[in-house]
Amino acid sequence: MEPAIRLEDITKTFLQHEGRQQDEDPGIKVLKGISLDVDSGEFVSLQGTSGSGKSTLLHIIGLLDRPTAGKYRLLGQDAAGLDDDRQSDLRNNALGFVFQSFYLIPYATALENVALPGLYSGKPRAEINERARTLLEQVGLADRMNFKPSRLSGGQQQRVAMARAMLNDPDIILADEPTGQLDSTTSREIIKLFQTVHQTGTTIVLVTHDEDVAAQAGRIVRLNDGVIVEDVKTG
Ligand SMILES: Nc1ncnc2c1ncn2[C@@H]1O[C@H](COP(=O)(O)OP(=O)(O)OP(=O)(O)O)[C@@H](O)[C@H]1O
Ligand SMILES: [Mg+2]
């Protein structure tokens, strides 16, 4: 079977000066030829020092940014060849995102936040809300559904973000330092949730600085200065 994610010699160059013409700005090469296959159902942790290119790579994998060069196949499709609309369809239907700052909508309740990605799916509202409720129960927030984010703890907010990421039953969950703002106990709870999601067959790519968190994944890929320097399977 084709891998869920197949990156071939991906590079990314950012201009040094925003707004300047490409031909007068050589740019900074942040990804210097990344080739990586992630099989369906794998749990991969992406590690590396600050500035090594982890978030840049995750954004490319998540179709939030395009590579400068290289080939990218996502779930059997040529991701680079898709126009913006097709990319956002794929992003909305097949991918779920969890970030360090939870990016919840402050004036919406937990339930409304979780239901949000369903609004573009064309499914009936009642069905979407039912799914959102089920997910909030699964992440242990049955009694917080009508709370707004400001009345939730950091760990609870991240659990809402996890439930939101799962709403459309994505093939792949992409997470960027999801435990970065949480204490170690709360981090462990969130990572347990990732494990649970992984056990249902979801592919996970998780960026983390935390060695303990990384050890929970089945595979660790380490970036340094825009190249992969290590790729190991763990116990
Ligand atoms: N939009 C941008 N324009 C210019 N340079 C950028 C842009 N985004 C990232 N970079 C540069 O790319 C490099 C890699 O950034 P990236 O955010 O991918 O690192 P990271 O590994 O996620 O680091 P951290 O662990 O601190 O989050 C950095 O040197 C950064 O300055
Ligand atoms: Mg980052």
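This is a guided tour of one predicted model, going from its ligand to a helix and then to the core.

Local features here need pLDDT of at least 70 and side-chain atom pairs count only at pLDDT 80 or more, whereas totals for chains, interfaces and linings use all residues. Residues are numbered from 1 along each chain as its sequence is written, and chains are lettered from A and ligands numbered from 1 in the order in which they are written.

**Ligand 1.** Select ligand 1 and then the residues around it, F14, V30, G48, S50, G51, S52, G53, K54, S55 and T56, where a residue belongs if its C-beta atom, placed from the backbone, lies within 6 Å. The largest share of this shell, 3 residues, comes from helix α1 (residues 54-61); helices (H or I, at least four residues) and strands (E, at least two) are DSSP runs, numbered from the N terminus. By class the shell has 2 nonpolar, 7 polar and 1 charged residues, with Ala, Val, Leu, Ile, Met, Phe, Trp, Tyr, Cys and Pro taken as nonpolar, Asp, Glu, Lys and Arg as charged, and the others, Gly among them, as polar.

**K12.** Next select K12, which lies in strand β1 (residues 5-14). K12 counts as buried because it has 23 C-beta neighbours inside 10 Å; the cut-offs are 20 or more other C-beta atoms within 10 Å for buried, 12 or fewer for exposed, and partly exposed in between, with C-beta atoms placed from the backbone. Leaving aside residues up to four places away in sequence, K12 touches V30, L31, T56, I60, P67 and T68, contact being C-beta atoms, placed from the backbone, within 7 Å.

**Helix α4.** Move to α4 (residues 125-138), whose buried residues are I128, R131, A132, L135 and L136. They cover an arc of only 135° around the axis, which puts them on the same side of α4, the arc being that of the directions from the helix axis to the C-beta atoms. On the other side, A126, E127 and E130 are exposed. Just after α4, G140 takes a positive phi of about 80°.

**The core.** Finally, select L46, V114, L136, L174 and V205, which touch the most other members of the largest nonpolar core, a set of 60 residues. Such a core consists of buried Ala, Val, Leu, Ile, Met, Phe, Trp, Tyr and Cys residues joined through C-beta atoms within 7 Å. Helix α5 gives the most to this core, with 6 residues.

Notes
Contact = placed C-beta atoms within 7 Å.
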